[in-house]
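Reader: I'm new to reading protein structures. Could you walk me through this one, a step at a time?

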Amino acid sequence: MSVPQLDDLDRQLIGILAKDARVSNRRIAADLGVTEGTVRGRIKRLQEERLIAFTAITGFGINRAARLAFIGVQAQVADVRAVAKAIADVPQVNAVMVTMGQFNILAICLFDELESLVLETSDRILALPGVHHVETSIAVKTFKYDPRVVRITAAPLPSADADDDA
């Protein structure tokens with residue numbers, strides 16, 4: 001996976017959009033001292049390269065019953081990629097990452113009822129071939145959550161022969 005080539009103008013543009021994605025191209029151009037066409041072209045390129053995306057990000061309060069859960073998974077090293085892909089296919093799971101530490105996979109999901117979380121973790125994830133252990137942590141109070149740090153678009157998992165730079 002190659003490192004994106006971002007220059008200072010790209011970084012400034014992303015910084016402005018991260019604060020307010022509804023700001024006009026004209027305003028951004030004036031703030032950065034470039035033409036509106038330059039801004040429009042840069043935004044288009046960043047979107048095409050899947051480095052930025054525009055979407056409405058909902059807060060946890062939109063669904064009063066929604067709870068955030070972190071699912072730590074210990075899987076056989078040889079099965080990590082296959083297990084991560086299988087977990088990513090679970091509709092209730094919002095994010096899946098291969099990690100280092102106590103767990104080699106971390107999944108994040110929102111759930112409405114504890115029973116549905118139990119079904120997903122024990123009946124679906126723990127039953128996957130190569131999974132040894134699943135541990136779930138439920139967020140009971142959120143002190144800070146900044147959705148701007150979350151990658152909005154889906155990223156393909158690196159191929160098996162790619163460097164593991166996670």
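Reader: Happy to start with contacts. Of the contacts in the protein chain with a separation of 6 or more, what share comes from residues 24 or more positions apart?

Author: Good place to begin, and keep in mind that this is a predicted model. Here we look at contacts in the protein chain with a separation of 6 or more. Within that group, the share from residues 24 or more positions apart is 64%.

Reader: In what order do the helices and strands of the protein chain run?

Author: The protein chain has 5 helices and 4 strands. Reading from the N terminus on, the order of the elements is α-α-α-β-α-β-β-α-β.

Reader: How many of the residues count as buried, as a percentage?

Author: To count as buried, a residue needs under 20% relative accessible area. The protein chain has 166 residues, and the buried part is 24%.

Reader: Let's look at α3. What span is expected for helix α3 at 1.5 Å a residue?

Author: Helix α3 covers residues 36-48, which is 13 residues. From the first C-alpha to the last, α3 reaches 18 Å. That is close to the expected span, which is also given as 18 Å.

Reader: Why are the buried residues of α3 on the same side of the helix, and what arc do they cover?

Author: The buried residues of α3 are Val39, Arg42, Ile43 and Leu46. They sit on the same side of α3 because the arc they cover around the axis is only 100°.

Reader: Which exposed residues are on the face of α3 turned away from its buried side?

Author: The buried residues of α3 pack against α1 (8-19) and α2 (25-32). The face turned away from that buried side carries exposed residues, and these are Lys44 and Glu48.

Reader: Are α2 and α3 roughly parallel or roughly perpendicular to each other?

Author: Two packed helices are described by the angle between their axes and the distance between the axes. The axes of α2 and α3 come within 8 Å and cross at roughly 110°. Angles of 65 to 115 degrees count as roughly perpendicular. The two helices, α2 and α3, are therefore roughly perpendicular.

Reader: And which residues of α3 make the contact with α2?

Author: On the α2 side, the contact is made by Asn25, Arg26, Ile28 and Ala29. Their counterparts on α3 are Glu36, Val39, Arg40 and Ile43.

Reader: How many bridges join β1 to β4?

Author: Strand β1 (residues 67-75) pairs with β3 (residues 105-111) in the antiparallel sense over 7 bridges, and Leu68 stands opposite Leu110 there. With β4 (residues 131-138), β1 also runs antiparallel, and Ala69 has Ile138 as its bridge partner. The number of bridges joining β1 to β4 is 7.

Reader: Which residue in the turn between β2 and β3 has a positive phi?

Author: Strands β2 and β3 run antiparallel and are joined by 5 bridges. They form a hairpin with 6 residues between them. In the turn, phi is positive, about 125°, at Gly101.

Reader: Is Cys109 buried or exposed?

Author: Cys109 lies in strand β3, and Val93 stands opposite it. Setting aside neighbours within four places in sequence, the contacts of Cys109 include Leu68, Ile71 and Leu117. Since its relative accessibility is 4% and the cut-off is under 20%, Cys109 counts as buried.

Reader: How far apart in space are Cys109 and Phe70?

Author: In sequence, these two residues are 39 residues apart. From C-alpha to C-alpha, the distance between Cys109 and Phe70 is 6.6 Å.

Key: Residues numbered from 1 in each chain as written. Predicted model: local features only at pLDDT ≥ 70, side-chain atom pairs only at ≥ 80, totals over all residues. Heavy atoms only, no water. Expected span 1.5 Å × (residues − 1). Buried < 20%, exposed > 50% of the residue type's maximum accessible area, 1.4 Å probe, protein only. Arc of directions from axis to C-beta. Contact = heavy atoms within 4.5 Å. Pairing = 2+ DSSP bridges. Axes fitted to C-alpha atoms, helices over the stretch in contact; angles between N-to-C directions. Parallel < 35°, antiparallel > 145°, perpendicular 65-115°, else oblique.
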